[in-house]
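Hi,

Here is the structure I promised to pass on.

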Amino acid sequence: MTDADAFTYNGGRVDPGERQNIRFVVSETYLGDPVRIPVTIINGERPGATAFLSAAAHGDELNGIEVVREVAHEWDLSELWGTLICLPVLNVPGFLAQQRYLPVYDRDLNRSFPGSSDSTSAKRMAARIYTNFIEPCDFGLDFHTSTRGRTNMIHARADMGDSDAARLARAYGTNVIIDSEGASGMLRTEAVTDGIAAITVEMGEAHRFQRALIDEALSGVRSVFAEYGMLEAEQVRWPGWRTVITEEREKTWLRADAGGMVDMHFERGSLVHEGDTVCTITNPFKDDNVAVEAPFTGLLVGILENPVVYPGNPLCHLVELDERTRRVVELDQSPSGTVA
């Protein structure tokens with residue numbers, strides 16, 4: 001067995017068998033005070049993969065913060081093979097303001113990677129994070145939630161055309177994987193371009209901790225660590241059924257054609273059939289109901305949480321399932337355990 005290597009970053013070093021909790025400077029305030037992000041680095045005594053776990057690139061997306069914190073500070077990592085970099089709050093200014101984007105010019109940190117040391121404030125911040133803590137990695141998981149007023153079932157988003165990213169997405173063990181390259185500037189997109197396997201994990205809604213989703217997300221992390229040999233005691237999990245939503249499959253955001261108040265008739269993760277009334281939009285007098293029907297049979301990956309809408313507002317994210325997966329999901333969601 002070869003010896004493990006030290007992990008180095010700008011201003012520090014973590015030797016094999018060591019752990020560091022640091023507050024790493026990524027920018028400055030208007031007063032010239034440092035803006036620091038919390039980072040925990042655990043370097044195992046034995047050699048292995050180098051991985052990152054990141055959350056809160058959007059400052060109001062909180063579920064992933066708790067996932068990363070629990071792995072870093074509650075798991076027994078004494079038998080870790082390799083190096084783990086935990087970044088629970090990437091967007092500290094947004095987190096402090098409890099808003100999605102960086103308060104400086106309202107920029108999206110997750111459209112600013114890999115960053116640049118002589119560009120905008122967002123890209124400078126992204127460059128400090130990327131070069132020190134993402135670029136040295138073999139793979140990583142970037143945790144997100146839906147935006148304010150909407151909620152997602154837990155699922156992975158990955159470029160399934162990249163074999164390394166596809167391996168990581170499957171190892172994470174969600175029922176649903178949405179196949180997409182991602183937009184330019186996304187952390188996962190730029191990491192994959194640089195040969196670092198990375199996926200986005202979407203889970204729940206902004207501005208809260210949702211314990212059931214956090215626990216499920218932690219199971220996915222354990223599964224990934226098993227796949228890459230970072231924790232020998234863990235096992236790669238099989239979610240019971242899986243569908244990969246590709247460009248060939250139908251997927252759409254159903255949008256409101258009328259303003260009003262929404263009565264959602266299904267939960268996130270529900271299977272709906274073509275023609276089902278997914279939700280109803282009503283006016284204050286409840287005398288002009290507008291039924292929103294499913295245009296095809298599929299799974300509600302995301303749904304509205306805020307029950308008021310303008311025309312054009314998104315209501316739910318519907319994705320098509322293949323026939324075999326649909327039958328499995330029908331069986332899984334049927335109260336009697338049988339499919340008619």
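A word on naming before anything else: helices (H or I, at least four residues) and strands (E, at least two) are DSSP runs, numbered from the N terminus. Keep in mind that this is a predicted model, where local features need pLDDT of at least 70, side-chain atom pairs count only at pLDDT 80 or more, and totals for chains, interfaces and linings use all residues. Residues are numbered from 1 along each chain as its sequence is written, and side-chain values use heavy atoms, with hydrogens and water left out.

Helix H6 covers residues 211-227, and its 17 residues should span 24 Å at 1.5 Å a residue (the expected span is 1.5 Å times one less than the number of residues). The end C-alpha atoms of H6 are 25 Å apart, which agrees. After H6 comes glycine 229, with a positive phi near 70 degrees.

Buried here means under 20% relative accessible area, exposed over 50%, and partly exposed in between (1.4 Å probe, protein chains only). In H6 the buried residues are Leu213, Ile214, Ala217, Leu218, Gly220, Val221, Ser223, Val224, Phe225 and Ala226. As a reminder, an α-helix has 3.6 residues a turn, so residues three or four places apart point the same way.

Helix H1 (residues 63-74) has 12 residues and reaches 16 Å from first C-alpha to last, close to the 16 Å expected. H1 is largely enclosed by the rest of the structure, because 9 of its 12 residues are buried. Those are Asn63, Gly64, Ile65, Glu66, Val67, Val68, Glu70, Val71 and Ala72.

**Cores**

A nonpolar core is a set of buried Ala, Val, Leu, Ile, Met, Phe, Trp, Tyr and Cys residues joined through side-chain atoms within 4.5 Å. The largest one has 79 residues, and Leu53, Leu84, Phe133, Phe143, Tyr172, Val221 and Phe225 have the most contacts inside it. Another core lies apart from it, with 17 residues, among them Ile281, Val292, Leu300 and Leu304.

Which residues does tyrosine 172 touch? Contact means heavy atoms within 4.5 Å. Beyond its neighbours within four places in sequence, tyrosine 172 is in contact with Leu141, Phe143, Ile154, Ile199, Val201, Ala217, Gly220, Val221, Ser223, Val224 and Arg237.

**The largest pocket**

On a 1 Å grid over the protein atoms alone, a pocket is an open set of points where a 1.4 Å probe fits, with protein on both sides within 12 Å along at least five of seven lines; lining residues have an atom within 4 Å of a point. Points are joined across faces, edges and corners, and a volume is the space filled by probe spheres set on them.

The largest pocket has a volume of about 420 Å³. Its lining has 25 residues, with Arg100, Arg111, Arg157, Met186 and Glu202 nearest the centre. Strands S8 (150-158), S10 (197-204), S12 (251-255) and S19 (314-320) are the elements that give two or more residues to that lining, and S8 gives the most, with 3. By type, the lining divides into 5 nonpolar, 11 polar and 9 charged residues (Ala, Val, Leu, Ile, Met, Phe, Trp, Tyr, Cys and Pro count as nonpolar, Asp, Glu, Lys and Arg as charged, and the others, Gly among them, as polar).

Most residues other than glycine have a negative phi, and most peptide bonds are trans. Here are some exceptions:

- Histidine 207, in the loop between S10 and H6, has a positive phi of about 70 degrees and is partly exposed at 30% relative accessibility.
- Lysine 286, in the loop between S15 (277-282) and S16 (290-293), has a positive phi of about 55 degrees and is exposed at 64%.
- The peptide bond from phenylalanine 113 to proline 114 is cis, with omega near 0 degrees; proline 114 sits in the loop between H2 (92-97) and H3 (121-134).

Phenylalanine 209 is also in the loop between S10 and H6, and is partly exposed at 47%. Leaving out residues within four places in sequence, phenylalanine 209 contacts Leu62, Asn63, Glu66, Arg69 and Ile214.

Leucine 321, in the loop between S19 and helix H7 (323-333), is buried at 8%. Its C-alpha is 7.1 Å from that of leucine 299, 22 residues away along the chain.

Cheers
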